[in-house]
Amino acid sequence: MHAVAIVAAAGSGSRLGAAVPKALVPLGGRPLVAWAVDALLAGGVAEVVVTVPPAERAAFAAALPAEVRLVDGGASRTASVRAGLAVAGVRADVVLVHDAARPLTPPAAVARVLAALADGARAVVPVLPVVDTTVLVDDDGVVAEAVPRAALRRVQTPQGFDRATLVAAYADLDDAAELTDDAAVVRAAGVPVRTVPGDERSAKITVPHDLALAELGVGLTASEVHP
Ligand code: CTP
Ligand code: MG
């Protein structure tokens, strides 16, 4: 099974507020995107395509191994993944789509997604349980009702897909559509999405606090990515 990964790294990171695009922000001395790429390769992916902010191509090339392909991203994550998918190659049986903003994903979490695809799933997402009490509020912010959380899950990346299934789902999707993940794209096309256990270390870096936490956790993943 030949697996190609698309790393969505073309965002600016406005909520993190760093001087460089979020994917280039250092964690343990290495850019977030370099961690994400290494985890994918260590987890069993054969090739990686990284979607980059067009103006930052040189900086990304300097941060990544030469065999990683770079492609200009778009104005939304959905547009960036679409651009990555266009060059992901017909050699791929399966495609994993990952966020550069999840640098400390352990290789075993990547391998679980690949295993489900090898087992015949057409779409796979890593998930974790919801641990906080979760409520719906009305327009005034007043609690309307508690949501039973037993069946709720937090969805992470990398998300895995049979390549032809993902290509067809993106082809069917309106050009202007902006969805927050890729499983939503295939679900819109009626494809069932299987779940596998995610990992707390795959947490997304969104705000400065997330980066501070990741700095504390670097050692936990580093030994598995660079044994
Ligand atoms: N992404 C992308 N292309 C975009 C927007 C986002 O490839 N046009 C990528 C980001 O680089 C990131 C991932 O999608 O790795 C998840 O998005 P998010 O965490 O929202 O990152 P940003 O959009 O960069 O951050 P913000 O929303 O705070 O500006
Ligand atoms: Mg964003």
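Let's start at His2. Setting aside neighbours within four places in sequence, His2 is in contact with Ala46, Glu47, Arg91, Ala92, Asp93 and Val94. Keep in mind that this is a predicted model. His2 sits in the segment before β1. Is His2 buried or exposed? Its relative accessible area is 16%, and the cut-off for buried is under 20%, so His2 counts as buried. One of those contacts is polar: the His2 side chain meets the Glu47 side chain at 2.6 Å.

Now the interior. In soluble globular proteins, nonpolar side chains tend to be buried together. Here, the largest nonpolar core has 29 residues. Which of them touch the most other members? Val7, Val33, Val45, Val50, Phe60, Leu64 and Leu96 do. Two or more residues each come from β1 (3-8), α1 (32-42), β4 (47-52), β6 (94-99) and α4 (107-118). The largest share, five residues, is from α4.

Take Val7. Again leaving out neighbours within four places in sequence, Val7 is in contact with Val33, Val37, Leu40, Val48, Val49, Val50, Thr51, His98, Asp99 and Ala100. There is also a second, separate core. That one has 21 residues, including Ile6, Val81, Phe161 and Val186.

Last stop, the surface. Val135, Val137 and Val143 form a nonpolar patch there. Together they have about 240 Å² of accessible area. Val135 lies in strand β8, residues 134-137.

Key
Residues numbered from 1 in each chain as written. Chains lettered and ligands numbered in written order. Predicted model: local features only at pLDDT ≥ 70, side-chain atom pairs only at ≥ 80, totals over all residues. Heavy atoms only, no water. Core = buried A, V, L, I, M, F, W, Y, C linked by side-chain atoms within 4.5 Å. Buried < 20%, exposed > 50% of the residue type's maximum accessible area, 1.4 Å probe, protein only. Helix = DSSP H or I, 4+ residues; strand = E, 2+ residues; numbered from the N terminus. Contact = heavy atoms within 4.5 Å. Polar contact = N/O pair within 3.5 Å; in protein donor to acceptor, adjacent residues only side chain to side chain. Patch = residues over 30% accessible without salt bridge, like charges linked within 9 Å, V, L, I, M, F, W, Y side chains within 5 Å. Areas by Shrake-Rupley, 256 points an atom, 1.4 Å probe, with all protein chains shown as cover. Salt bridge = Lys/Arg side-chain N within 4 Å of Asp/Glu carboxyl O.
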